[in-house]
Amino acid sequence: MTDALDERTLPVPDTLRPWITDIASVSAEGELPNAFTHVPDTATKLVVRVEDDGRRDTLVVGPRTRASYHAEGEKRVVSCVQMRLGPGSVRPLLGARTADLVGQVVPLRELPAGTARRLAAELVDVAPEEMPARLAELLPPHPAADRSRIQLLRSATAALSTRPGRAPAQVTHVARELAVSERQLRNLFSEGVGLSPKHYARIDRVRHVLHHAAEAPWAELAAAIGYYDQSHMTYDFRTLMGVPPRSFFTGRLPEARPCQAFRRR
């Protein structure tokens with residue numbers, strides 16, 4: 001699939017950083033494959049998409065806890081802009097509980113906040129390269145009342161994220177470092193990310209495996225990112241991806257089913 005798609009990272013102005021962590025523009029290049037994979041993702045995203053018949057719409061895509069494998073439907077998406085919302089941004093910006101969006105794809109106009117409806121109306125016809133500047137005009141200042149709580153949440157997500165050569169911290173250690181109880185940390189994640197801290201760390205670590213599998217043998221990669229051993233990594237990968245790593249990277253995937261992810265309401 002990566003050979004058929006052109007993905008560009010767009011700059012995120014500093015004024016957007018409190019709300020949005022990154023923006024990517026994805027467009028089809030040549031013939032698209034008949035099947036594609038949605039991998040697990042901890043983020044909630046705003047998506048502006050264009051179908052092959054010219055139809056445009058704006059969506060909110062909630063966190064995905066497991067991979068899904070889809071056959072291309074009758075309608076094909078030929079381009080989209082994806083904006084990853086920072087942890088803690090969903091409720092103040094869109095008026096929804098992040099936990100209610102897990103595994104969901106919802107038209108942006110259907111969310112309760114006035115900002116959500118305004119974004120749905122204003123972003124649908126914006127060209128990808130103009131998206132960062134238009135967002136900077138549309139998004140309100142980040143509410144001061146939420147800043148300390150969001151900063152706490154983002155410090156926790158950073159500590160629980162996997163980086164090259166660095167394993168995620170243990171949940172108990174993160175809670176201690178941030179001077180909160182584990183229960184408070186779980187509540188913070190449920191509200192601001194939609195997942196538990198352990199599930200967040202698990203998804204992030206498997207995504208790291210997906211991105212860095214070609215850089216080292218399985219056993220070395222497992223040790224570098226804090227798995228007990230290669231079998232532990234394989235178990236986590238199979239649980240979230242539906243197949244073990246070797247099967248995934250050699251194309252032995254579960255049977256694709258008709259795509260429901262972008263079904264219109």
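**Exercise 1. Determine which residues Val193 touches, where Val193 lies, and whether it is buried or exposed.**

Solution. Step 1: Contact means heavy atoms within 4.5 Å. When residues up to four places away in sequence are not counted, Val193 touches Thr42, Pro63, Pro87, Thr98, Leu153, Thr157, Leu188 and Tyr200. The model is predicted: local features need pLDDT of at least 70 and side-chain atom pairs count only at pLDDT 80 or more, whereas totals for chains, interfaces and linings use all residues. Residues are numbered from 1 along each chain as its sequence is written, and side-chain values use heavy atoms, with hydrogens and water left out.

Step 2: Val193 is placed in the loop between α7 (182-192) and α8 (197-212). Helices (H or I, at least four residues) and strands (E, at least two) are DSSP runs, numbered from the N terminus.

Step 3: The relative accessible area of Val193 is 4%, so this residue is buried. Buried means under 20% relative accessible area, exposed over 50%, and partly exposed in between (1.4 Å probe, protein chains only).

Step 4: From C-alpha to C-alpha, Val193 and Thr44 are 7.9 Å apart in space, while 149 residues apart in sequence.

**Exercise 2. Identify the buried residues of helix α3, and state what covers them.**

Solution. Step 1: In α3 (residues 114-123), the buried residues are Thr115, Ala116, Leu119, Ala120 and Leu123. Because they cover an arc of only 140 degrees around the axis, they lie on the same side of α3. The arc is that of the directions from the helix axis to the C-beta atoms.

Step 2: Their cover includes the strands β4 (45-51) and β5 (56-61), together with the helices α1 (90-94) and α4.

Step 3: Thr58 is found in strand β5. With a relative accessible area of 6%, Thr58 is buried. Leaving aside neighbours within four places in sequence, Thr58 has contacts that include Ala120 and Leu123, and also Val47, Val48 and Pro107.

**Exercise 3. Describe how α3 and α4 pack, and name the residues that meet.**

Solution. Step 1: The two helices, α3 and α4, pack at an angle of about 145 degrees, and their axes are 11 Å apart. Axes are lines fitted to C-alpha atoms, for helices over the stretch in contact, and angles run from 0 to 180 degrees between N-to-C directions.

Step 2: On the α3 side, Arg118, Leu119, Glu122 and Leu123 take part, meeting Met131, Arg134, Leu135 and Leu138 in α4. By class, this contact has five nonpolar, no polar and three charged residues. Ala, Val, Leu, Ile, Met, Phe, Trp, Tyr, Cys and Pro count as nonpolar, Asp, Glu, Lys and Arg as charged, and the others, Gly among them, as polar.

**Exercise 4. Locate His142 and state which backbone oxygen its side chain reaches.**

Solution. Step 1: His142 is in the loop between α4 (131-138) and α5 (144-159). Its relative accessible area is 10%, so His142 is buried.

Step 2: The side chain of His142 reaches the backbone oxygen of Pro18 at 3.3 Å. A polar contact is a pair of N or O atoms within 3.5 Å; within protein, one must be able to donate a hydrogen and the other to accept it, and residues adjacent in sequence count only if both atoms are side-chain atoms.

Step 3: Apart from neighbours within four places in sequence, His142 is in contact with Pro18, Trp19, Arg147 and Ile150.
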